[in-house]
Structures are given as structure tokens and as C-alpha cells.
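Hi,

Here's the structure I said I'd pass on.

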Amino acid sequence: MKRMHKTLPYLGIVGLLPLPACVPGEKATGQDADSPNVIYVFPDQMRNSAMGFWSNEPYASHIHYKGDPVITPNLDKFAGEAVVFSSAYSNTPISSPHRGSLFTGMYPNKSGVPLNVNSSRPFNTLPIDAVTISDVFSQNGYNCAYIGKYHLDCPTPNDPDNPGQYVEGRNPVWDAYTPPEKRHGFDFWYSYGTFDVHKKPHYWDTKGKRHEIREWSPKHEVDIAVEYLINRNGQRDSSKPFFMMMSMNPPHHPYRSLNDCMEEDYNLYKDKTLGELLIRDNADTTIQKATSAPYYFAQVTGVDREFGRLLSVLDSLGLADNTIVVFASDHGDTMTSQGVSDAKNSPYTEATAIPFMVRYPGKLEPRVTDLLLSSPDIMPTLIGLSGLGDKIPSSVQGENYADYLLTGNPSSPLPQSALYIRNLDGDKDENGKVTNYFPEIRGVKTADYTLALSIDRKSKSLKQTYFYHDAKDPYQLNNLSLTDYPEEAAFLLEQLAQLLEKVEDPWYEEKILQEIVPYN
Ligand code: CA
């Protein structure tokens with residue numbers, strides 16, 4: 001397939017770089033230690049607390065909240081081999097904006113994806129000329145594979161089987177077929193836009209052929225990934241290193257029946273009471289959604305098993321030592337907390353805190369780090385860890401923490417806060433299509449506090465404050481007044497002002513709430 005990129009000024013000598021030496025008949029890939037393979041696995045809606053090891057030391061003392069009572073033996077073992085982040089945050093905790101940041105290293109106001117992608121928001125899509133993480137790897141000698149949910153490409157009427165039609169009948173349309181010219185360097189493709197039927201998933205492959213599957217999606221996706229690793233059908237050039245992204249939809253709604261998870265996993269939780277599963281001070285076991293808890297945890301345990309299967313194949317192929325493996329998520333899930341029905345898209349820690357673990361054998365010493373990691377930092381950090389730090393596009397707003405992770409010594413001061421962002425639909429045109437976004441909430445998360453401010457759509461005056469002392473109140477039950485901790489509130493507002501200026505956010509550009517936020 002021919003890639004159709006525009007000129008990429010950031011990358012200078014793209015395409016002229018020496019590739020790893022190709023040894024005919026060589027079985028494994030990426031034998032050049034400077035070119036590790038990279039596998040990035042990200043289930044969609046996985047709370048950071050939904051990993052068993054958080055209940056034990058040395059992990060438990062790094063988080064204020066409790067680990068969930070969930071069974072994840074493979075993630076627990078992986079944690080012992082990886083750098084485990086206690087404080088990785090999805091700045092805009094819904095799918096597409098997080099993914100836009102993950103792909104471009106930019107905040108949603110710059111990435112092109114400030115809102116969740118669907119056909120009612122045609123302006124909101126990963127730009128074809130964005131320089132993404134996969135573009136950088138592809139242009140530097142990597143084979144790139146994408147497997148699973150994509151949700152970055154605004155649906156258009158481009159169904160390969162029904163030209164001129166959308167691939168589904170919903171309105172607005174959520175699911176999408178992504179044609180080759182919009183795949184950003186991924187030369188192997190097995191993906192869909194958004195589709196939440198976990199045991200009847202479908203995918204479009206590299207050539208645009210649709211596959212209807214009758215199997216739990218994470219299991220099928222790992223089968224596809226295993227075939228890619230084995231390279232049974234020549235899916236990749238075995239003389240090149242590979243970059244593989246794998247987006248599993250579960251854990252993700254629906255999580256209410258055996259249609260959503262594997263029975264063997266559900267059986268581990270079905271006899272437990274909701275009180276035994278929802279062990280947090282803020283969990284409401286009386287609302288309808290609480291009954292989803294055993295299914296959610298069953299999805300997590302199933303994801304754990306499939307992730308473990310992927311790792312064991314990587315090991316058996318002799319690829320593990322030269323492969324960076326990341327386990328992460330889009331965002332969390334509040335799971336009946338805070339009385340909110342929306343499981344994500346809120347400033348609460350349970351929505352913003354994500355799993356983030358990186359394993360790089362012989363290079364990264366396994367440990368827990370409290371580094372505040374933001375979504376846009378992931379792209380430059382992974383490129384940096386792969387030895388391509390000088391290829392990070394100048395458009396990137398995130399930080400490259402590769403040196404810090406490799407050496408333990410920061411080359412510049414570490415961040416004291418991570419930004420929180422919630423955008424809503426803005427204006428609509430005469431056809432009802434959204435034409436821009438409204439920046440409703442901005443906030444910061446630090447090691448010990450969360451502070452977020454929402455504004456009224458018309459007056460842009462303060463509507464609500466969210467202020468929590470997370471160290472003392474990890475379940476965010478007590479919404480404080482700014483005057484309860486005036487010094488801390490002042491520091492947080494200063495952090496907010498600096499971050500909004502740094503990322504050139506609309507709040508900074510318009511000086512929104514300047515009577516509260518101390519902009520320069
Ligand atoms: Ca998501």
C-alpha cells in the first residue's frame with residue numbers, strides 16, 4: 001500500500017535513514033540493540049486500581065486509594081519486570097482525545113481531536129498530515145501494525161462493500177473504516193472505529209476486507225497479534241523491527257452479562273457480594289450500575305490472560321529481550337463512584353488514573369515511579385526509549401522522559417501537576433453538525449490534590465469547583481472550598497495557569513476566569 005503523506009518538515013531526512021542490516025534468512029527481528037521492537041497494549045476503560053498488585057507492597061504505598069479485589073496474575077508478574085507508574089493520567093479521559101494525544105504527543109486543542117470522534121463532529125478527526133508515533137516509527141525503518149479499536153478517524157460514507165454508505169446505520173455514526181491513506185504509517189491493519197459488541201466484533205484488514213468474528217474480542221485480537229509475531233504469512237518484513245499497537249475494547253461497557261466476558265472469568269467473581277467487589281468508601285452498591293462490577297472484573301481478568309498469552313509467545317519466539325512492552329489504557333472507570341453515571345470524562349482520579357507499565361529488559365530497571373505522566377508524554381517517551389529521540393517532531397507538546405526512565409536522573413525538573421481537560425460540543429451548523437468545541441472544565445492533578453474549574457457556556461463565568469485533598473480523601477468525598485487550603489489552592493491555580501499557557505489552551509488564549517487563574 002502506498003502512503004500518501006504530505007511533506008513532513010519536522011523530520012528532515014525522512015526516508016534517507018539507514019535501516020537495520022537485513023540478514024537473509026534471519027528469523028527474529030530487531031537484533032540491532034538500537035532498534036527494539038515496541039508493543040503497546042491498551043485496553044480501553046481500565047481503572048489503574050484494577051490490577052491485583054496494587055494491594056501489595058511495594059506498590060500499595062505509592063497510591064492513596066485501594067487496589068480493587070481483582071485477579072490479574074499476568075499483570076502482577078509483568079509489574080515485577082517493568083517500570084510501574086503510580087501516577088499516569090489521561091488528561092482528557094475519553095477515548096478519542098486521549099488517543100489523539102497518544103498518537104501526536106499534543107494536547108487535544110492541537111491534536112485535532114478535542115472530542116470523541118463520530119460523524120456529527122466532522123472537524124474532529126486525526127488530521128491526515130499529523131505526524132504520529134506510527135509515522136515516526138515507519139519513517140525510521142519500522143514495520144507498524146495496528147490491531148483493535150481505533151476511534152480516531154471521523155466516519156465518512158466509505159464502506160468498502162457499499163461505496164457511498166457509512167459502515168453502520170446509527171446516527172450519529174460511530175464505527176468507521178479507515179482507508180490506507182489515513183493509516184499513518186501502519187502497514188498492517190486489523191481494526192475498526194467504535195463497536196461495542198464484545199463477542200461479535202468485526203474488523204477491516206490491511207486490504208479493506210471485513211471480518212465478522214464470533215469470539216471475545218481480546219482473545220481474537222491476541223490471535224491476530226500472535227500470527228503477526230510468528231510472521232506466518234509474511235505480515236511483516238522480518239529484517240525490520242516492528243511497532244505494534246493493540247487496542248482491546250474490554251474492559252468497556254457493556255459489562256452486564258456473559259455476552260460481555262468469558263464465563264471462566266465471571267465464575268471467579270459471581271459468588272462475591274457487591275460489597276466485597278466495590279470496596280471503596282465512595283462506591284454506591286445500590287445503583288443499577290453496581291451490578292456491572294463482577295462483569296467488569298471478569299473483563300479485566302480476561303484481558304490479563306490474553307496479555308499473558310501475548311507475552312509468552314513473545315518469549316517463546318526469543319523476541320522478549322529486544323522488545324519494549326507497554327501496558328496502558330485510555331482512561332479509567334468511576335464504577336459507581338461520585339454518583340455520576342458517566343464512567344469517564346470527569347476530573348475524579350478514578351476516571352483519570354490509568355495503568356502504565358513499561359518493560360524493556362536490561363535497559364529499564366523494574367521499579368515503581370511516581371512520575372506524573374500525561375497522555376502527550378507517551379509518544380515522545382516511547383520514541384526516545386527506542387533510540388529515536390532526535391526524531392521527535394517539533395510539533396510535540398509532551399515531554400520525553402526516556403533519559404529519566406533509563407538513568408533515574410531527570411535532565412530537567414519533573415512535572416508537579418498534570419492537566420485535566422473536558423470539552424463539550426460547541427456550535428452547530430444548519431445540518432446539525434458540530435463545528436467547534438466548548439472548553440468546559442480545566443484543572444490540575446498533583447501528587448496530593450485535584451482542583452478543577454468548570455465554566456458556564458454562555459457567560460464563561462465560574463460554574464463549579466472540584467477541589468479534593470486526595471492524600472487525606474482519596475475517594476474524593478469532600479469537595480473543599482478554595483479557602484480551606486488557601487496556600488495549596490494558590491499553588492494549584494498557578495500550576496494551572498502555567499500549563500494552560502504552555503499548551504496554548506483556549507482558556508489561556510481567552511484568559512478565562514482570570515480573576516481566579518493567575519495567568520501571566
Ligand atoms: Ca475509551
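Below is what turned up, starting with the metal site.

First, this is a predicted model: local features need pLDDT of at least 70 and side-chain atom pairs 80 or more, while totals for chains, interfaces and linings use all residues. Residues are numbered from 1 along each chain as its sequence is written, and side-chain values use heavy atoms, with hydrogens and water left out.

The calcium ion has its protein donors 2.0 to 3.0 Å away: Asp44 (OD), Asp44 (OD), Ser95 (OG), Asp330 (OD) and His331 (NE2). (Donors are N, O and S atoms within 2.8 Å of the metal, or 3.2 Å for Na, K and Ca; water is not among the atoms, so sites may look incomplete.) Asp44 sits in the loop between strand E1 (37-41) and helix H1 (73-79), and Asp330 in the loop between strand E9 (323-328) and helix H9 (349-352), so the pair ties together parts 286 residues apart in sequence. (Helices are DSSP runs of H or I, at least four residues, and strands are runs of E, at least two, numbered from the N terminus.) Asp44 counts as buried at 0% relative accessibility, and Asp330 is also at 0%. (Buried means under 20% relative accessible area, exposed over 50%, partly exposed in between, with a 1.4 Å probe and protein chains only.)

Next up is helix H8 (residues 293-316), where 19 of the 24 residues are buried. After H8 comes Gly318, with a positive phi near 75 degrees.

Phe307 in helix H8 and Phe327 in strand E9 form a pair, so parts 20 residues apart in sequence are tied together. Both Phe307 and Phe327 are buried.

Cheers
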